[in-house]
Amino acid sequence: MTKIEQVAPGHLMVSGQLNFDSVVMLREQGAALLKAAGSKCEIDLSGVTRAGSAGVSLLLSWLRYAAAREIKLVYSHLPADLLGVARVSGIDQFLPTVSQ
């Protein structure tokens with residue numbers, strides 16, 4: 001089952017598959033959790049088992065949401081398949097990540 005949850009203040013975790021069926025629900029749930037996160041938030045993607053272009057779109061939508069609310073958002077543990085799609089698309093440079 002795909003889900004996003006708060007694991008600590010300002011720290012969210014996504015698990016499951018990021019595909020066209022799951023990202024609509026995750027987008028709304030993630031936005032609500034981001035709104036409650038405060039001024040900084042990290043989204044950990046270590047639980048993501050599969051991701052493609054729909055996952056990249058989801059991360060970009062959360063970035064737009066966070067920027068509009070002046071929330072500093074970073075991603076950690078991006079899966080290789082998601083990062084590969086972002087690189088091919090030329091948008092990996094727009095995904096803020098924390099050093100691992």
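**Fold and helix packing of the predicted model**

From the N terminus on, the elements of the protein chain follow the order β-β-α-β-α-β-α. The chain thus described is a predicted model, in which local features need pLDDT of at least 70 and side-chain atom pairs count only at pLDDT 80 or more, while totals for chains, interfaces and linings use all residues. Residues are numbered from 1 along each chain as its sequence is written, and side-chain values use heavy atoms, with hydrogens and water left out. The protein chain holds 3 helices and 4 strands; helices (H or I, at least four residues) and strands (E, at least two) are DSSP runs, numbered from the N terminus.

The radius of gyration of the protein chain is 12 Å, close to the 13 Å that the globule rule gives for 100 residues, so the chain is as compact as a globular protein of that length. The radius is taken over C-alpha atoms, and the globule rule is 2.2 Å times the number of residues to the power 0.38. Along its principal axes, the C-alpha trace spans about 30 × 30 × 25 Å. Of the 100 residues in the protein chain, 42% are buried; buried means under 20% relative accessible area, exposed over 50%, and partly exposed in between (1.4 Å probe, protein chains only). Among contacts in the protein chain with a separation of 6 or more, 69% are accounted for by residues 24 or more positions apart, where contact means heavy atoms within 4.5 Å.

Two helix pairs are described next. The axes of helix α1 (residues 23–37) and helix α2 (residues 53–68) come within 10 Å and cross at roughly 25°. That angle makes α1 roughly parallel to α2. Axes are lines fitted to C-alpha atoms, for helices over the stretch in contact, and angles run from 0 to 180 degrees between N-to-C directions. Angles under 35 degrees count as roughly parallel, over 145 as roughly antiparallel, 65 to 115 as roughly perpendicular and the rest as oblique. The crossing of α1 past α2 is right-handed, meaning that the near helix is turned clockwise from the far one by less than a right angle (anticlockwise for left-handed). On the α1 side, V23, L26, R27, G30, A31, L34 and K35 meet A54, G55, L58, S61, W62 and Y65 of α2. By class, this contact of α1 with α2 has 8 nonpolar, 3 polar and 2 charged residues. Ala, Val, Leu, Ile, Met, Phe, Trp, Tyr, Cys and Pro count as nonpolar, Asp, Glu, Lys and Arg as charged, and the others, Gly among them, as polar.

Helix α2 also packs against helix α3 (residues 80–89), at an angle of about 80° and with the axes 9 Å apart. That angle makes α2 roughly perpendicular to α3. S53, G55, V56 and L59 of α2 form the contact with L82, V85 and A86 of α3. The residues of this contact of α2 with α3 divide into 5 nonpolar, 2 polar and no charged.

Individual strand residues were then examined. V14, in strand β2, is buried, with a relative accessible area of 0%. Not counting residues up to four places away in sequence, V14 touches K3, I4, L26, I43, D44, L45, G47, V48 and W62. The C-alpha atoms of V14 and L26, 12 residues apart along the chain, are separated by 8.8 Å. L73 belongs to strand β4 (residues 72–76) and is likewise buried, with a relative accessible area of 5%. Its contacts, leaving aside neighbours within four places in sequence, are L34, C41, I43, W62, L63, A66 and P96. Between the C-alpha atoms of L73 and R27, 46 residues apart along the chain, the separation is 14 Å.

The loop between β2 (11–18) and α1 contains S22, and D21 lies in the loop between β2 and α1 as well. S22 counts as buried at 7% relative accessibility, whereas D21 is exposed, with a relative accessible area of 75%. S22 touches T2 and Q17, not counting residues up to four places away in sequence. The C-alpha atoms of D21 and T2, 19 residues apart along the chain, are separated by 9.9 Å.

E70, in the loop between α2 and β4, has a positive phi of about 55° although it is not a glycine, and counts as exposed at 71% relative accessibility. H77, in the loop between β4 and α3, has a positive phi near 55°, again in a residue other than glycine. At 38% relative accessibility, H77 counts as partly exposed.
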